[in-house]
Amino acid sequence: MSTADVSGKSLAELVSLKGRRAVVTGGGRGLGKAIAARLAEAGADLLIGDLDEGLAGAAAKELAERHGVRAVGAAMDVTDAAAVSAAADRALAELGGLEVWVNNAGIFPAVPLLEMTEETWDQVFAVNARGVFVGAREAARRMAAAGTGGVIVNIVSTAGFRGSAPGLAAYVGSKHAARGLTRELALELAPMGIRVLGVAPSFVPTEGNLAMAAAAGVNLADLPPTDLMLNSPIGRVGTPDDIARVALFCASDLSAFMTGSTLLADGGDTA
Ligand SMILES: NC(=O)c1ccc[n+]([C@@H]2O[C@H](COP(=O)([O-])OP(=O)(O)OC[C@H]3O[C@@H](n4cnc5c(N)ncnc54)[C@H](O)[C@@H]3O)[C@@H](O)[C@H]2O)c1
């Protein structure tokens, strides 16, 4: 059970995910791929789901070769409940079980409020909020049926704690929803031995947000340090691995007495 007292375990045992099976949504690139890499290094077998099947397959192949784990790449759109359910079934069939589920897939279009359409709002919520609900439900159904417990990790954002940049109303709303879901699901799933934790990164350069900035005509090198997190207490921009190590902590028995929290991984910026 992921909520058992593990105080007698060694540090190596606590951080190890050997024998556990993990699904990472949106794991083909960016933060999701970095998270999948640390989970694999800790010994987890993986199903990497992504809208882009080619990216998912390439990430799975790379991590399987590098870390000697089993890894499957799967096409998965988190807005499509049937596709999420099918990917969860594939994890059971091909990996033999499911103990860790990371809801990482997310989108962050920047649209000024006065121009934002209901379609944009709904799409952002379909991925960032409903996708977390559907992923958690599909994971929890299988973890509860197996009776072995598990951990669900939701990748939130500092935008789940406060307002962000102009144009991100749907994003900020959806990330507050993801953080709220983390708290609610934690209490509902605890009796089944399932823990639910959130990780809230601040700005980290990834393929996704660099492309978004470029599409908006923004060169990140021109932005003032405030926008780039350089004046956060830690004073540097985060890396995908800065976030992945916190996700690994959440997924492992190191955090066995934690559920419902969303951990800020933000260089102290929200302190
Ligand atoms: N990078 C940051 O600065 C930052 C900060 C805070 C939170 N986050 C959160 O981290 C998560 C990952 O962000 P990233 O920067 O790595 O993004 P990214 O765009 O680089 O990667 C996201 C991945 O998710 C996939 N994806 C998108 N929509 C999907 C869907 N409907 N179903 C399945 N897969 C889908 C994409 O194909 C892509 O591979 C998101 O939830 C994002 O909100 C990122």
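Two elements, α8 (240–251) and β7 (262–265), each supply at least two residues to the lining of the second largest pocket. Helices here are DSSP runs of H or I with at least four residues, strands are runs of E with at least two, and both are numbered from the N terminus. Before going further, please note that this is a predicted model, where local features need pLDDT of at least 70, side-chain atom pairs count only at pLDDT 80 or more, and totals for chains, interfaces and linings use all residues. Residues are numbered from 1 along each chain as its sequence is written, and side-chain values use heavy atoms, with hydrogens and water left out.

**The second largest pocket**

This pocket holds about 180 Å³ of space. A pocket is an open set of points on a 1 Å grid over the protein atoms alone, where a 1.4 Å probe fits and protein lies on both sides within 12 Å along at least five of seven lines; lining residues have an atom within 4 Å of a point. The volume is the space filled by probe spheres set on the points, which are joined across faces, edges and corners. Its lining has 17 residues, and I234, D242, A265, D266 and G267 are the closest to the centre. Helix α8 gives the largest share, 4 residues.

**The ligand and its shell**

Around the ligand there are 28 residues, of which D50, N104, Y171, V204 and T206 come nearest; a residue counts if one of its heavy atoms lies within 4 Å.

| Residue | Protein atom | Ligand atom | Distance |
|---|---|---|---|
| L51 | polar backbone atom | nitrogen | 3.2 Å |
| Y171 | side-chain N or O | oxygen | 2.7 Å |
| T206 | polar side-chain atom | oxygen | 2.6 Å |

Taken alone, the ligand exposes 830 Å², and the protein buries 94% of that (Shrake-Rupley areas, 1.4 Å probe). Helices α2 (30–41), α6 (169–189) and α7 (207–215) each give two or more residues to the shell, with α7 giving the most, 3 residues.

**An aromatic pair at Y171**

The whole structure has 2 aromatic pairs, meaning rings of Phe, Tyr or Trp (its six-membered ring) with centres within 6.5 Å. F108 sits in the loop between β4 (100–103) and α5 (118–146), while Y171 belongs to helix α6, 63 residues apart, so the pair links distant parts of the chain.

How values were computed
Polar contact = N/O pair within 3.5 Å; in protein donor to acceptor, adjacent residues only side chain to side chain. Phe/Tyr/Trp six-rings, centres within 6.5 Å; stacked < 30°, edge-to-face > 60°.
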